[in-house]
Amino acid sequence: MTSLLGKQALNAGSLQQRRAPISSRRSVSIKAVAEAPPAGTVNVERNANFAKLRAGYLFPEIARRRKAHQDSNPNAQIISLGIGDTTEPLPPSIANAMAEAAKSLATREGYSGYGAEQGQGPLREGLAAHFYPNGLRSADEIFVSDGSKCDIARMQMMFGSNPTVAVQDPSYPVYVDSSVMMGMTGEFKEGSGYDGVNYMLCRPENEFFPDLSKVPRTDLIFFCSPNNPTGAAATRAQLTQLVDFARKNGSIIVYDAAYSLYISNPECPRTIYEIPATHTSTRDAHTPQHPHGSLLLQPAGLKEMEQTMSLYEESATILHTALR
Ligand SMILES: Cc1ncc(COP(=O)(O)O)c(C=O)c1O
């Protein structure tokens, strides 16, 4: 590679040659010198897709405006729609169980080494029984992981950069951001979002459920119910439409049910597996998701996930249906 210094030397040499009288011309050999970076300088390019991300601008901006408003209206009770945080203490039963488990690891009898990669058997049994009652899914389809953001990124790694993607609009930003980081999208455009992402409008006018007749086919459909940030939970009829749509197109639904425990209306399923067609997936796929703390995988998906990455621990919700 010709360095800047090399190019300058080359140009300077050519100039001198042009100015010198013909009689005094002599041949000059000029070498382009590759400039070594100063020792200690990192000389590795970052994934260029990261530069497309917008969240780094959006959330600080929300925080800035919120603070400005609060400063000028000290009594305002603001509901922030920026980055959320949990506010309630852990139930004592959970905190105590974790403390006991940690203490037990400090004893020779209680120390257990690495756990099972897929998560501990009793935990998976409990998750299956609680979130997928009446045999909707079985324990061997559940993968206990360390969070849905990580799970989504891992799944995106599994899919690679080629798939097309649809998301609810508005929705949890992680689906889009992980697609951006994987290189599935083009640049961000003010007003229309990322090139290559199909934004399925969810507005009061359509009861926060997309008009699927206007949604083009995509490989992946991220769907969150109850949705963050609208809180809208899809009805059985709406989820049936979504599943039919995905089956027709041979798409995969990545279903995020993180807030499913808030659902009390029996017309709104807590899991997409209440839709009968999701039980009949036949070929190759895949990866259903489930609430906070684990990933639900059908056997083929479980095997694939295990092959793709060997370390998973706890906490997430990715429902994923291979619907061919
Ligand atoms: C829609 C949705 N899914 C999942 C999560 C949980 O993410 P994680 O399991 O990575 O903490 C959140 C948390 O904000 C969320 O809003």
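The buried residues of helix H6 (residues 174-182) are covered by elements that include helix H2 (55-72), helix H5, strand S2 (165-169), strand S4 (193-194), strand S5 (197-201) and strand S6 (220-224). In this predicted model, eight of the nine residues of H6 are buried, so that H6 is largely enclosed by the rest of the structure.

**Helix H6**
- The buried residues of H6 are Val174, Tyr175, Val176, Asp177, Ser178, Ser179, Val180 and Met182.
- Just after H6 comes Gly183, whose phi is positive, at about 90 degrees.

**Packing of H5 against H6**
- Helix H5 (residues 148-159) packs with H6 at an angle of about 40 degrees, the two axes lying 10 Å apart, and that angle makes H5 oblique to H6.
- The crossing in which H5 passes H6 is right-handed.
- On the H5 side the contact is formed by Lys149, Ile152, Ala153 and Gln156, which meet Val174, Tyr175, Ser178, Ser179 and Met182 of H6; the residues of this contact divide into five nonpolar, three polar and one charged.

**Helix H2**
- H2, which is among the elements covering the buried residues of H6, has 18 residues and reaches 26 Å from its first C-alpha to its last, close to the 26 Å expected at 1.5 Å a residue.

How values were computed. Residues are numbered from 1 along each chain as its sequence is written. This is a predicted model: local features need pLDDT of at least 70, side-chain atom pairs count only at pLDDT 80 or more; totals for chains, interfaces and linings use all residues. Axes are lines fitted to C-alpha atoms, for helices over the stretch in contact, and angles run from 0 to 180 degrees between N-to-C directions. Helices (H or I, at least four residues) and strands (E, at least two) are DSSP runs, numbered from the N terminus. Angles under 35 degrees count as roughly parallel, over 145 as roughly antiparallel, 65 to 115 as roughly perpendicular and the rest as oblique. A crossing is left-handed if the near helix is turned anticlockwise from the far one by less than a right angle, and right-handed if clockwise. Two residues are in contact if their C-beta atoms, placed from the backbone, lie within 7 Å. Ala, Val, Leu, Ile, Met, Phe, Trp, Tyr, Cys and Pro count as nonpolar, Asp, Glu, Lys and Arg as charged, and the others, Gly among them, as polar. A residue is buried if 20 or more other C-beta atoms lie within 10 Å of its own, exposed if 12 or fewer, and partly exposed in between; C-beta atoms are placed from the backbone. The expected span of a helix is 1.5 Å times one less than its number of residues.
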